Amino acid sequence: MDSDFRLGLISHSSLGTLSSCARKFQLSRLQVQGTSNSVEDKLTFGMGHIAGLAIQICFEQPTISLEDLVWKLFLSTECTPIDLLESDSKRKKSFYFALHAARIFHAQLFPRISAEYELVYLEGGKPATELSFAIHIKNNIYYRGFIDVVIRHKETRRIAVLENKTSSIGANPALYKNSTQGVGYTIVVDHLFPEDSALECIYLVYDTKQFEYTDLPFPKSSQDRLDFLRTLWLEATYIEMCAESNYFPKRGTGCFSFFKKCPFYGVCDIDPAYLAVPADFTLADDLGKYDYHFTFEDCFNRYTQGKEI
Ligand code: SF4
């Protein structure tokens with residue numbers, strides 16, 4: 001693919017954008033300034049970050065007191081994206097609502113989950129939290145991501161992947177069961193721990209309106225993993241086709257979703273060549289942010305024993 005390298009840097013979230021509208025994907029990858037992020041978007045991002053960090057800290061320090069947890073969150077640089085005074089009172093999102101989510105996790109869900117599961121450690125003693133990975137799919141296309149936490153069942157010794165979510169529309173399993181995010185993570189974990197197999201992905205969903213956590217475990221089979229890799233290959237091929245023809249189609253169904261307009265509404269008719277912002281990083285800069293690197297073949301061969309796609 002002989003085009004802007006940023007188009008090949010994909011993730012679970014950018015593939016969601018691609019399926020909503022390829023033009024939106026193109027413009028966001030090319031760092032085009034749309035309408036700026038709303039306060040609600042920033043709070044959603046910040047809440048997810050803080051709640052996820054609280055879960056990681058609880059697993060790393062299972063005896064931590066609530067007071068120490070709150071101070072760690074307050075002092076963490078991870079929490080700086082969220083403005084302490086901003087609040088979305090309708091969806092119950094703010095820094096303080098995020099601390100409340102951490103409190104509920106610490107008091108209610110963590111004691112139950114940690115009675116059954118313990119944190120996994122990598123060789124060298126590094127806790128398996130916030131694991132960053134990049135899978136080279138083909139040419140200049142890389143699937144990158146972060147795994148929140150990897151845990152092991154104390155009796156069966158089986159591994160599971162935890163994924164933290166915050167939601168203002170409840171913890172409906174249909175929101176997560178067929179998401180490719182969790183199954184993608186199980187593939188990475190299989191690769192990092194070849195002696196084990198990650199049999200499930202457990203979504204920890206915090207309902208911001210009801211102030212409650214729900215854990216939703218979804219088993220993931222080898223067939224699920226193979227399906228995910230096939231899907232990834234097809235998505236990468238589609239991106240290559242769009243890039244080679246220098247045409248990322250617009251899809252009107254993406255123009256208004258989650259009660260708001262697409263940030264590129266009104267500008268996406270302009271030739272993207274005029275809109276693209278010069279890259280302020282290199283491919284090496286981006287890939288350097290990820291600790292674990294694999295190839296598509298490494299992953300695929302594990303489940304096919306060398307058979308063709
Ligand atoms: S406004 Fe609609 S067509 Fe234009 S980029 Fe956004 S989703 Fe695509």
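For the sorting of residues by class, Ala, Val, Leu, Ile, Met, Phe, Trp, Tyr, Cys and Pro count as nonpolar, Asp, Glu, Lys and Arg as charged, and the others, Gly among them, as polar. The structure in these exercises is a predicted model.

**Exercise 1. The surroundings of the ligand**

Find which residues surround the ligand, and sort them by class.

Solution. Begin by listing the shell, which consists of Cys21, Arg23, Lys24, Lys250, Arg251, Gly252, Gly254, Cys255, Cys262, Phe264, Tyr265 and Cys268. Next, apply the classes given above, under which Cys, Phe and Tyr are nonpolar, Lys and Arg are charged, and Gly is polar.

**Exercise 2. Helix 1 against helix 2**

Decide how helix 1 and helix 2 are oriented to each other, and name the residues through which they touch.

Solution. Two packed helices are described by the angle between their axes and the distance between the axes. For helix 1 (residues 12-20) and helix 2 (residues 22-29), the axes come within 5 Å and cross at roughly 140 degrees. Angles over 145 degrees count as roughly antiparallel and those from 65 to 115 as roughly perpendicular, and helix 1 and helix 2 are therefore oblique to each other. On the side of helix 1 the contact is made by Ser14, Thr17, Leu18 and Ser20, while helix 2 brings Ala22, Lys24, Phe25, Ser28 and Arg29. Sorted by class, this contact has three nonpolar, four polar and two charged residues.

**Exercise 3. The covering of helix 2**

State how many residues of helix 2 are buried, and what they pack against.

Solution. Six of the eight residues of helix 2 are buried, so that the helix is mostly covered, a residue being buried if 20 or more other C-beta atoms lie within 10 Å of its own. The buried residues are Arg23, Lys24, Phe25, Gln26, Leu27 and Arg29, and they pack against strand 1 (9-10), helix 1 and helix 8 (272-275). Two of them, Arg23 and Lys24, also belong to the shell around the ligand. After helix 2 comes glutamine 31, whose phi is positive, near 60 degrees.

**Exercise 4. Helix 6 against helix 7**

Work out the orientation of helix 6 relative to helix 7, and describe their contact.

Solution. The axes of helix 6 (residues 180-192) and helix 7 (residues 222-244) come within 9 Å and cross at roughly 105 degrees. That angle makes helix 6 roughly perpendicular to helix 7. From helix 6, the residues Thr180, Val183, Gly184, Thr186 and Ile187 meet Asp224, Arg225, Phe228 and Thr231 of helix 7. By class, the contact between helix 6 and helix 7 has three nonpolar, four polar and two charged residues.

**Exercise 5. The core and one of its residues**

Name the residues with the most contacts inside the largest nonpolar core, and then follow isoleucine 55.

Solution. The largest nonpolar core has 68 residues, and those with the most contacts inside it are Ala51, Ala54, Ile55, Ala102 and Val150. Helix 3 (residues 39-60) gives the most to this core, with 10 residues. Leaving aside residues up to four places away in sequence, isoleucine 55 touches Phe105, Asp148, Val149, Leu162, Asn164 and Leu204.

Conventions: Residues numbered from 1 in each chain as written. Predicted model: local features only at pLDDT ≥ 70, side-chain atom pairs only at ≥ 80, totals over all residues. Near = placed C-beta within 6 Å. Axes fitted to C-alpha atoms, helices over the stretch in contact; angles between N-to-C directions. Helix = DSSP H or I, 4+ residues; strand = E, 2+ residues; numbered from the N terminus. Parallel < 35°, antiparallel > 145°, perpendicular 65-115°, else oblique. Contact = placed C-beta atoms within 7 Å. Core = buried A, V, L, I, M, F, W, Y, C linked by C-beta atoms within 7 Å. Buried ≥ 20, exposed ≤ 12 C-beta atoms within 10 Å, placed from the backbone.
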